[in-house]
Amino acid sequence: MSRSLVLFAHLLIVWLLLSGHYDPTLITYGVLSSIGVVALVAHLGILDDEALPVHMGIRPFFYVPWLLKEVVLANLAVAKVILDPRLPIHPRILRIRVGQKTHVGQVIHANSITLTPGTITLDVRDGHFLVHALTTDSAEGLLSGEMDRRVSHLEANGARREARRKSGQEGSA
Amino acid sequence: MELAREIAVWACIVGGSVFCVIGGIGLLRMPDFYTRSHAASITDTLGATLILVGLALVAGPGLIAVKLFFVLFLIYVTSPTAAHALVKAAYSSGLDAPDVEEGSRLKGHLSDDGGPGDG
Amino acid sequence: MNVFVVGMIGVLTTMLLALTRAFMGPTVFDRVLAANMFGTKTVLLIAVSGFLTGRPEWLDLALLYALMNFIGMIALLRFSKFQNLASDEQAK
């Protein structure tokens, strides 16, 4: 129930920001369509930790600035490589083990890797990522495992909840 | 104050355009598909960010800046997803790629020897 | 010189480079990559030209275009993989 309210509030805020017209009719339309979307999502049964990772709380607000900093640094590095007349690249495909237990964590990690120029996730399979790295520097950054640690911290609660839910299911089965 | 804003706007939009063009050059210069996808991600991240931030500085605080932020957010969410779908499709269709190396064994032993870029 | 004109020139140059790659290929994935990049640049072009002509409302179009570009690329990939947009069956 609280999850529905959080989703409703988000949808309504997005509506109000995008519409920019604040007369009663249009606000009513916004409220109605937000309720409609929440009802649809609840009916589909996808209103869970994956759709709305509320358990992360405010931790994403600390992760995103770090990620943006990494993206800017990687951008400068790759731009330098492209402009270098010798084109000093050394493409590799690395298989790395990742520490995330939940799907949300793995998706965030894989997307963060892909967002950073110089590394791109090819495949995600049972706790391992296949990553294509453009240069030795970007491969080293990947192997340092800092992003892995930070994303694991991001989903720390989620992993516990997942485990609890699984043990609960087994107990009831 | 007005001058400082003007300078920031110019820096952002010109910088963003330069990064876009660098990405475009990379798209033409890189030797194979996988390396080209790295070049494409430059224009999608820093190029788009700088241009949209520059436009937001022109618009000032308000709904227009919020919309610019939405566009940026959308690019940041969809561009890695699209890039991943594309390279995954290419890789699973058997497009030529370097061999898979174990990350845990390579740690601290990376070198540039023998890479295609050195030839 | 207007700062938006500079932005337009930068974005249009990038679009031209992406188009070149789309024509050169050589694989279908290179073409899709270039087409996707072309689409992202279109979003930026709409945003910048909206400011250039004093109509920032065009941003709504940019938002829509960003979404359509994403969906279009996924559809194209599905098509190139399955030769069919409707079913999950691999084309024989």
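The largest nonpolar core of this predicted model has 51 residues. A:Ile96, B:Leu52 and B:Leu55 have the most contacts inside it. A nonpolar core here is a set of buried Ala, Val, Leu, Ile, Met, Phe, Trp, Tyr and Cys residues joined through side-chain atoms within 4.5 Å. Buried means under 20% relative accessible area, exposed over 50%, and partly exposed in between, with a 1.4 Å probe and protein chains only. In soluble globular proteins, nonpolar side chains tend to be buried together.

B:Leu52 touches residues of chains B and C: B:Leu68, B:Val71, B:Leu72, B:Ile75, C:Leu44 and C:Ala47. That list leaves out residues up to four places away in sequence. Contact means heavy atoms within 4.5 Å. Another core, of 23 residues, lies apart from the largest one. Its members include B:Ala40, B:Val87, C:Ala18 and C:Ala34.

This is a predicted model, in which local features need pLDDT of at least 70, side-chain atom pairs count only at pLDDT 80 or more, and totals for chains, interfaces and linings use all residues. Residues are numbered from 1 along each chain as its sequence is written, chains are lettered from A and ligands numbered from 1 in the order in which they are written, and side-chain values use heavy atoms, with hydrogens and water left out.

**Chain make-up**

Helices (H or I, at least four residues) and strands (E, at least two) are DSSP runs, numbered from the N terminus.

| Chain | Helices and strands | Buried residues |
|---|---|---|
| Chain A | seven helices, three strands | 43% of 173 residues |
| Chain B | four helices, one strand | 50% of 119 residues |

From the N terminus on, chain A runs α-α-α-β-α-β-β-α-α-α. Chain B runs α-α-α-β-α. Chain C follows the pattern α-α-α.

In chain A, 69% of them join residues at least 24 apart. In chain B, 66% do. In chain C, residues 24 or more positions apart account for 42% of the contacts with a separation of 6 or more.

**Helices α1 and α2 of chain A**

Helix α1 (residues 2–19) and helix α2 (residues 24–44) of chain A pack at about 140°, with their axes 9 Å apart. Axes are lines fitted to C-alpha atoms, for helices over the stretch in contact, and angles run from 0 to 180 degrees between N-to-C directions. That angle makes α1(A) oblique to α2(A). Angles under 35 degrees count as roughly parallel, over 145 as roughly antiparallel, 65 to 115 as roughly perpendicular and the rest as oblique.

On the α1(A) side, the contact includes A:Leu7, A:Phe8 and A:Trp15. On the α2(A) side, A:Ile27, A:Tyr29 and A:Val38 are among the residues involved.

**Two loop residues of chain A**

A:Leu47 lies in the loop between α2 and α3 of chain A. Its C-alpha atom is separated by 7.4 Å from that of A:Arg3, 44 residues apart along the chain. Neighbours within four places in sequence aside, A:Leu47 is in contact with A:Arg3, A:Ser4, A:Leu7 and A:Val41.

A:Leu87 is found in the loop between α3 (60–83) and β1 (92–97) of chain A. Is A:Leu87 buried or exposed? At 12% relative accessibility, A:Leu87 counts as buried. A:Leu87 has a positive phi of about 50°, although it is not a glycine. Most residues other than glycine have a negative phi.
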